[in-house]
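Subject: Structure for your review

Dear colleague,

Please find below the structure that I am handing over to you.

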Amino acid sequence: MNRPSDIGLVGLAVMGQNLVLNMASRGFQVSVFNRTPEVTDAFVAAHPGQHLAGFHALDDFVRSLARPRKVMLMVKAGAAVDAVIGQLVPLLEAGDIVIDGGNSLYTDTERRDAQLAALGLRFVGAGVSGGEEGARKGPAIMPGGPDSTWDELRPIFEAIAARVDGAPCVRHIGPGGAGHYVKMIHNGIEYGDMQLICEAYSLLKAAGLSTDEMAAVFDRWNEGELQSYLIQITGRALAQKDPQTGLPVVDLILDKAGQKGTGQWTLVNAAEQAVVVSTINAAVEARVLSSQKALRVAASTQLQGPLPAIGGDRAALVAQVHDALYASKIVSYAQGLTLMRSMSDRQGWALDLGGIASIWRGGCIIRARFLNRITEACSADPGLQNLMLAPFFREVLNRSQASWRAVVALAVTQGVPVPAFSASLAYYDSLRTARLPANLLQAQRDFFGAHTYERIDRPAGEWFHTVWPEVI
Ligand code: NBP
């Protein structure tokens with residue numbers, strides 16, 4: 001008989017298997033269970049000599065765990081999580097901990113947290129980022145849930161998480177659904193980063209760079225301020241050749257983007273709080289429009305516009321696109337951080353934004369050199385209202401804005417869609433405009449609805465109404 005297991009994991013698909021192997025490789029004894037028992041058997045058989053114990057019956061699985069029991073779920077988000085919780089609850093005792101490591105919607109996590117707390121059980125929604133490789137070699141982990149669970153989970157999570165400069169990429173994010181919420185924002189930001197990179201690619205392509213030349217550009221960018229996992233894999237993806245045709249694989253991939261919903265969830269939350277996340281919004285909508293391939297093909301023969309063919313100095317264009325990408329990325333992160341701050345205030349979560357940026361430096365898809373700068377900016381000014389006003393980022397934006405404008409203007413005149421570049425630039429310009437045309441908007445509102453307005457020559461909070469001429 002094995003010693004009691006340190007943790008149990010339910011759900012042996014790609015993420016679950018790799019997390020288990022990660023835990024076992026750190027010396028933890030892990031019990032595993034999968035709805036389809038053949039999967040459990042095959043997994044355990046494929047990894048002899050590891051600290052693994054497979055079970056076909058959930059009660060045996062639960063009995064094998066050290067107390068307080070820690071059961072981590074890596075099953076499909078949604079109904080499967082509720083189904084597994086329903087089966088586990090009668091087998092658990094007060095104080096046991098259920099961890100949902102999937103991409104669950106944070107409101108579901110809040111509901112489950114309350115449901116289990118009422119039964120004396122502890123529930124932790126933990127965002128796990130980094131895909132298959134991250135799960136195996138070290139993900140970024142964003143656990144929420146009650147404070148009391150952190151001491152219990154910390155040794156395991158710190159051991160399996162990615163490390164950057166010796167620090168593990170995990171920290172207790174906050175109570176309830178805070179962990180899954182922050183993972184959702186991480187994914188929203190990931191959508192923005194990916195779309196911005198695709199827009200840069202689209203412009204370079206329109207300027208006639210070959211796929212290999214673009215691969216070299218991304219490789220070079222990965223040596224500088226844009227250094228990040230997504231820039232790195234973009235270079236690698238562009239360089240990849242199809243073995244059958246010898247053509248670049250990217251040229252053979254259908255231009256229809258998929259999505260699983262975390263980007264849309266971010267938009268819904270932003271709308272609920274009236275926080276602008278225009279870059280993420282543009283990224284989500286770009287995926288939606290990409291998926292309407294048949295409509296786009298039909299429209300391409302009916303709606304007129306220039307056929308993109310960007311001439312001129314290529315090296316200069318590459319430098320400008322670099323600046324536009326970096327500046328837009330800063331805007332996207334500024335928006336994501338603003339959204340997290342707003343939610344933190346609303347929920348009383350006390351999110352540590354600098355700390356969150358620091359755990360995103362390793363393991364996860366958006367890992368990037370510049371996250372250090374976000375951590376620095378947040379610690380230098382904990383009350384920072386907008387990342388774009390932190391000295392480091394303000395300086396980058398000020399020095400990039402001319403190139404950024406040139407790139408967006410060029411894209412517009414050439415008919416190259418750059419929704420995320422242009423949404424980011426519009427946010428930048430709106431933020432730096434001391435007097436927006438909302439004076440006219442207020443006049444319109446007062447005209448048709450007597451909504452009243454404040455005046456620039458009177459103290460704030462005094463409201464006025466004009467008797468406007470009648471319109472028939
Ligand atoms: P999937 O999301 O594909 O889920 C498959 C697992 O869920 C299998 O173990 C399956 O068991 C189990 N399952 C299902 Br489906 N319905 C069940 C039910 N009613 N009762 C019990 N088990 C059930 O796996 P994944 O791709 O490894 O992802 C796991 C979680 O991690 C998801 O929430 C995902 O969004 C998240 N995530 C994934 C990635 C990634 O790169 N894949 C990255 C980060 C986070 P079966 O074998 O019996 O069908």
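The notes that follow describe what was found, beginning with the basis of the values.

This is a predicted model, in which local features need pLDDT of at least 70 and side-chain atom pairs count only at pLDDT 80 or more, while totals for chains, interfaces and linings use all residues. Residues are numbered from 1 along each chain as its sequence is written, and side-chain values use heavy atoms, with hydrogens and water left out.

The ligand

Helices (H or I, at least four residues) and strands (E, at least two) are DSSP runs, numbered from the N terminus.

Several polar contacts can be located here; the term denotes a pair of N or O atoms within 3.5 Å, and within protein one must be able to donate a hydrogen and the other to accept it, with residues adjacent in sequence counting only if both atoms are side-chain atoms. A backbone N or O atom of M15 lies 2.8 Å from an oxygen atom of the ligand. In N34, an N or O atom of the side chain is 2.7 Å from a ligand oxygen atom. For N103, a polar backbone atom is 3.0 Å from an oxygen atom of the ligand. Taken alone, the ligand exposes 900 Å², of which the protein buries 74%. Accessible areas come from the Shrake-Rupley method with a 1.4 Å probe, and for residues only the protein chains shown count as cover.

Helix α8 and buried positions

Helix α8 covers residues 178-206; at 1.5 Å a residue its 29 residues should span 42 Å, and its end C-alpha atoms are 42 Å apart, which agrees. The expected span is 1.5 Å times one less than the number of residues. Of the 29 residues of α8, 25 are buried, so the helix is largely enclosed by the rest of the structure. Buried means under 20% relative accessible area, exposed over 50%, and partly exposed in between (1.4 Å probe, protein chains only). After α8 comes G208, whose phi is positive, near 90°.

S31 lies in strand β2 (residues 30-33) and is buried, at 0% relative accessibility. The side chains of S31 and S64 are joined by a polar contact of 2.6 Å.

Salt bridges

A salt bridge is a side-chain nitrogen of Lys or Arg within 4 Å of a carboxyl oxygen of Asp or Glu. By this rule the count comes to 28 salt bridges.

In one of them, E93 pairs with R67, the closest N and O atoms being 3.0 Å apart. This pair links distant parts of the chain, 26 residues apart: E93 is in the loop between α4 and β5 (97-100), and R67 is in the loop between α3 and β4. E93 is partly exposed at 37% relative accessibility, whereas R67 is exposed at 56%. R67 is also joined to P68 by a cis peptide bond, with omega about -10°.

A salt bridge of 3.4 Å, N to O, is formed by the side chains of R361 and D165. R361 lies in the loop between α16 (353-359) and α17 (371-380) and D165 in the loop between β8 (163-164) and β9 (167-168), so the pair ties together parts that are 196 residues apart in sequence. R361 is buried, with a relative accessible area of 17%, while D165 is exposed at 71%.

Helix α20 and the segment after it

F447 is placed in helix α20 (residues 438-449) and is partly exposed, at 37%. In the segment after α20 lies A450, a residue other than glycine with a positive phi near 50°. T452 is in the segment after α20 as well, and has a positive phi of about 70° although it is not a glycine.

Yours sincerely
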